[in-house]
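Good morning, and thank you for coming.

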Amino acid sequence: MKVFGTTVISVVFLFLFIDPSTAAIKSIKIQSDNRSVILLGKFGFTHYGNLSISISNLSVSDPVASLYDPSVIGFFLLSDETLIELVFEAQRNPNFCVWDIHLVSYLFTLRDISDPQSSFHKSYSMTFSEEYALFYANCNTRSLVTMDIHTEMYNIDDGATKDYLSAGLTQLPSLYFIFSLMYLSFLGFWISLCFNNQRCVHRVHLLMGVSLTMQTLSLFCAAEDNHYVKVTGTPHGWNVLFWIFQFISSVLLFTLIVLMGAGLPYLKPVLHAREKIVLMIVITFKVLANVASMMMDETGPYNKDWMTWRQVYMWSDTISCSVIILPVGWSIRFLTEPSKTDEKSRRNLTLFVRLFRLVVCYLVFARVGVIALMDITTYKFQWVSSAVEEVACLVLYLVMCYMFRPAEKSEYVVLDNEEAASQDG
């Protein structure tokens with residue numbers, strides 16, 4: 001039975017959606033699996049790259065033993081240049097087998113493994129500077145394959161030291177560490193500002209301080225995570241700390257946007273019922289998006305549920321990003337009519353219009369712009385998209401903190417009790 005073209009197309013297109021491996025040493029277990037194509041990983045090699053694959057505990061179960069062919073089950077590499085050609089081939093011939101064409105870089109098949117009971121090891125020197133995806137293919141989908149796969153991908157640019165980060169991500173440890181220092185300095189300034197203006201400090205300002213702390217710790221852990229992956233190939237537990245702080249930081253940021261957009265505590269002392277509902281929706285879907293993102297990163301595209309988690313992430317993130325601007329819009333609508341005759345309302349309206357534009361620009365840029373940047377830049381400059389994303393987030397924090405800073409004379413004007421009560425009504 002041949003590999004169906006539609007299956008090949010769907011799996012090959014994962015090549016476009018996943019980032020290069022951030023843990024270049026992987027141990028993957030395939031259990032009674034008959035999938036036609038499995039994407040095992042993606043890595044950017046230099047001229048001094050190396051790929052190592054080890055197979056152990058191999059067993060194959062086929063209901064028709066006489067038709068079992070080990071030469072159509074194996075591993076291959078696919079580059080950007082051959083991706084489109086392979087898709088076109090799959091469209092022209094839906095029943096083609098990847099082992100019958102010459103568009104990919106073949107590594108080995110199960111026929112090359114003389115003794116399935118022993119461990120099989122292969123190592124390849126990458127002489128071409130290119131980003132490759134490592135695939136496992138099974139053209140005989142009757143065969144249920146079980147095996148343990150151990151892969152190592154790295155570059156040796158200085159002739160001695162292994163670099164387990166993809167060629168386009170090797171700058172990430174330094175990048176995240178620099179941004180963590182920026183946020184740490186920002187946090188110190190924010191604490192000083194709150195201390196010097198204690199009479200004007202509200203809970204939202206304290207929440208901003210906590211958010212900046214979590215963001216600082218998240219970036220520091222990201223730097224350590226990538227450093228250990230770069231040096232040893234595995235994160236040594238720093239990925240767990242990163243996900244904890246990243247989880248808290250992202251939820252707090254979206255919570256702050258909702259609270260500030262609702263005008264708490266400047267336009268009203270408490271949230272309205274509908275704004276509480278929005279806050280619960282945003283937090284719920286942001287939590288779900290973070291869980292899905294973590295599962296995608298930790299399991300990898302070879303997991304059967306990877307695409308499901310990706311869809312969960314996309315829908316959850318889209319919903320939370322769409323709902324988050326509602327409180328800002330409601331505040332703008334509330335202030336529009338009074339602003340025609342009241343100077344305080346006019347100044348507040350200008351402030352919330354700016355906040356609305358800021359949040360929309362950030363969401364569009366962070367969600368669409370960064371993805372577009374990743375697509376147009378070569379794999380050697382993939383760190384640029386991470387840098388731009390962090391710059392956008394830092395700008396969001398800076399502008400929000402400036403607009404709603406605790407000060408006697410700031411951008412916003414606190415409404416008196418009568419005006420606040422009128423909005424509650």
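On the surface, F177, L181, L184 and F220 form a nonpolar patch with about 340 Å² of accessible area together. Accessible areas follow the Shrake-Rupley method with a 1.4 Å probe, and for residues only the protein chains shown count as cover. A patch takes residues with over 30% relative accessible area and no salt bridge, like charges being joined within 9 Å and nonpolar side chains (Val, Leu, Ile, Met, Phe, Trp, Tyr) within 5 Å. A salt bridge is a side-chain nitrogen of Lys or Arg within 4 Å of a carboxyl oxygen of Asp or Glu.

The model is predicted: local features need pLDDT of at least 70, side-chain atom pairs count only at pLDDT 80 or more, and totals for chains, interfaces and linings use all residues. Residues are numbered from 1 along each chain as its sequence is written, and side-chain values use heavy atoms, without hydrogens and water.

Which helix gives the most to the nonpolar patch? Helix 4 (residues 172-196) does, with 3 residues. Helices (H or I, at least four residues) and strands (E, at least two) are DSSP runs, numbered from the N terminus. F177 lies in helix 4 and is partly exposed, with a relative accessible area of 36%. Buried means under 20%, exposed over 50%, and partly exposed in between, with a 1.4 Å probe and protein chains only.

Finally, the backbone. S32, in strand 1 (residues 25-33), has a positive phi near 45 degrees and is not a glycine. N57, in strand 3 (residues 49-61), has a positive phi of about 55 degrees, although N57 is not a glycine. S32 is partly exposed at 39% relative accessible area, whereas N57 is exposed at 52%.
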